[in-house]
Amino acid sequence: DTCDLHHSTDTDKNNNSNNKNNINHSSNPQNTNATTQSQQRQLWKDLTISFEAEITAKPPNDTAAVLKQISKERRHLEKISASLARNPHKSGVYPLFGPASRSRMEPIRISFTAVNPLAVQLQFTQLQLVATLEPAGDAEGIGGFIGKNDVAENVKPLSSSQHQKQPWRFLSLPNVDFDVPHFYQNLPNDNTTQEASPSEPFFVVDKQALVIEPNTTQKVTLTLTPLIKGNLKILGYRAKLFNEIWLYHKFDISGPLLQDTALHRANRVRGESYLLQSTVLDDMPLLDVTLRNVPSVVLQGQISKITIVLTNRGTAPAGTIYLKANLPWLALDTDNDTLGAVSTVMPSSGTSPTYTAPTSHCVGPTGTLMKLSLKKPLAPGVTTEVDLHFRPTGGGRQDLFLLFRYQNMNDLSSKKALRVRYTRQSIGIAVYPSLTMTASLMPSYWSRSEHVLSVEISNYRSDACRNLNVGLGSVIVASRHYRAVPLAGQLENGGGGSATGGE
């Protein structure tokens with residue numbers, strides 16, 4: 001069989017950041033056809049570097065300071081890469097040289113391929129994962145014990161059976177039922193001095209039924225959820241064949257080839273595999289991001305409104321949420337009550353508008369980094385919606401990449417360093433040609449102190465067979481030093497405007 005490890009909502013195996021205070025996770029980004037996977041990885045990397053540079057640069061809105069910080073971030077990453085290349089076994093980077101950092105109460109999925117080489121149908125029930133979990137050193141009341149279900153002999157059942165009557169359910173997988181594994185027990189290790197074992201399980205699993213037809217291959221996905229902090233090792237799976245015989249299969253995962261000594265290189269010695277090992281930490285938020293009302297086809301410059309739905313499926317409140325985009329297409333809706341933004345003061349007739357606050361909540365000079373100023377942290381299980389104005393540019397198929405960054409708000413009340421997570425989303429949008437506008441300024445022939453501003457608008461719409469005319473309602477000119485006076489006969493009066501169709 002072959003085995004692969006996934007987070008419950010993760011599509012990137014490298015969910016262990018170089019920064020030990022950061023735990024990365026990715027929502028399921030939509031596949032985009034315009035960029036390859038290598039280009040997408042490089043784009044996400046560049047977005048993250050620019051993200052951190054714009055947040056940490058001082059002063060934050062200084063372009064030179066941001067560029068300097070980007071160069072500093074790149075040099076730092078190059079130094080880390082060089083260090084990992086020299087001493088990869090001391091780096092602890094998952095999955096080759098160290099376990100993954102994960103959060104308690106968040107499901108972990110294991111996918112493997114099962115092959116039936118026989119000429120008969122095989123029926124399995126109670127299919128479940130087998131693992132061991134050793135509590136962390138600061139665990140109170142359960143230290144010195146190991147939760148495991150790999151031994152099927154002389155099993156001491158848990159003294160508490162209240163959880164066996166009702167299955168567990170978690171926010172990140174609300175439709176999956178979890179239960180105590182078969183043959184589960186809390187066994188003392190060699191250093192424990194306690195006599196009574198803990199009455200609660202350290203982890204729970206989902207149990208499935210599987211039918212494999214003769215001479216076929218089938219992919220199986222099983223889930224395990226750690227309930228406490230500690231060191232988790234997933235060993236294999238157990239199932240009941242024809243509902244009569246218990247079977248146990250242990251995963252055989254090859255570790256990386258050791259290159260530290262000549263003896264290891266000559267004998268092709270392999271190290272320990274960390275693919276199925278995890279360091280379970282305490283509670284963390286888990287932000288699920290979905291996009292609504294996103295048009296698949298838009299015109300150049302067309303302003304639409306899309307909605308970002310944020311749901312915290314973790315076990316800790318999420319706050320300080322930032323949004324970084326690769327294209328300057330987005331602006332936060334200042335009328336959104338969730339953000340508590342200051343709206344602009346509407347002008348009276350014939351006067352200019354007065355703005356009391358930035359209308360896009362942008363951070364930094366690029367216009368692509370915004371802070372979602374929620375009134376309060378997003379508690380576990382809570383969903384909120386944020387409206388964005390969406391204005392595409394360019395032509396053809398455009399890929400919009402959105403990178404969200406949020407913090408664990410529980411760290412504010414403790415002395416721990418703030419831990420952050422990242423969530424990714426990407427969408428592909430077809431942008432059709434629309435209107436183009438060019439402007440030129442020339443000196444006036446009849447007055448030395450005046451100039452003539454000429455504006456040319458062309459309609460290049462080709463997204464439909466009919467109704468391609470665009471109504472020109474008004475032309476607005478803004479200047480700090482000049483007063484614009486329209487020349488007579490340029491636009492029709494009476495509110496009808498002027499229609500442009502292929503002109």
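By the rule used here, the count comes to 11 salt bridges. A salt bridge means a side-chain nitrogen of Lys or Arg within 4 Å of a carboxyl oxygen of Asp or Glu. Keep in mind that this is a predicted model, where local features need pLDDT of at least 70, side-chain atom pairs count only at pLDDT 80 or more, and totals for chains, interfaces and linings use all residues. Residues are numbered from 1 along each chain as its sequence is written, and side-chain values use heavy atoms, with hydrogens and water left out.

| Salt bridge | Closest N to O |
|---|---|
| Arginine 405 – glutamate 52 | 3.2 Å |
| Aspartate 177 – arginine 169 | 2.5 Å |

Let's start with arginine 405 and glutamate 52, which form a salt bridge. Arginine 405 sits in strand S22 and glutamate 52 in helix H1, so this pair ties together parts 353 residues apart in sequence. (Helices, H or I with at least four residues, and strands, E with at least two, are DSSP runs numbered from the N terminus.) Arginine 405 is buried, at 10% relative accessible area, and glutamate 52 is buried too, at 17%. Buried means under 20% relative accessible area, exposed means over 50%, and partly exposed is in between, using a 1.4 Å probe and protein chains only.

Glutamate 385 is partly exposed at 34%, and so is arginine 292 at 38%. Elsewhere, salt bridges that share partners join Asp282, Asp411 and Arg419 into one network.

Now back to strand S22 and its sheet. The sheet is open, with 5 strands in the order S16-S23-S22-S18-S20 and mixed pairing; two strands pair if DSSP finds at least two bridges between them. Strands S16 (297–299) and S20 (369–372) stand at the edges with a single partner strand each, so one side of each has no neighbour in the sheet. From one strand to the next, the twist averages 35°.

Inside the sheet, S18 (residues 318–325) and S22 (residues 396–408) run antiparallel, joined by 6 bridges. Alanine 318, for example, has asparagine 408 in S22 as its bridge partner.

Helix H1 (residues 37–56) lies across S18, S20, S22 and strand S23 (420–432), running at about 50° to S22. Axes here are lines fitted to C-alpha atoms, for helices over the stretch in contact (heavy atoms within 4.5 Å), and angles run from 0 to 180 degrees between N-to-C directions.
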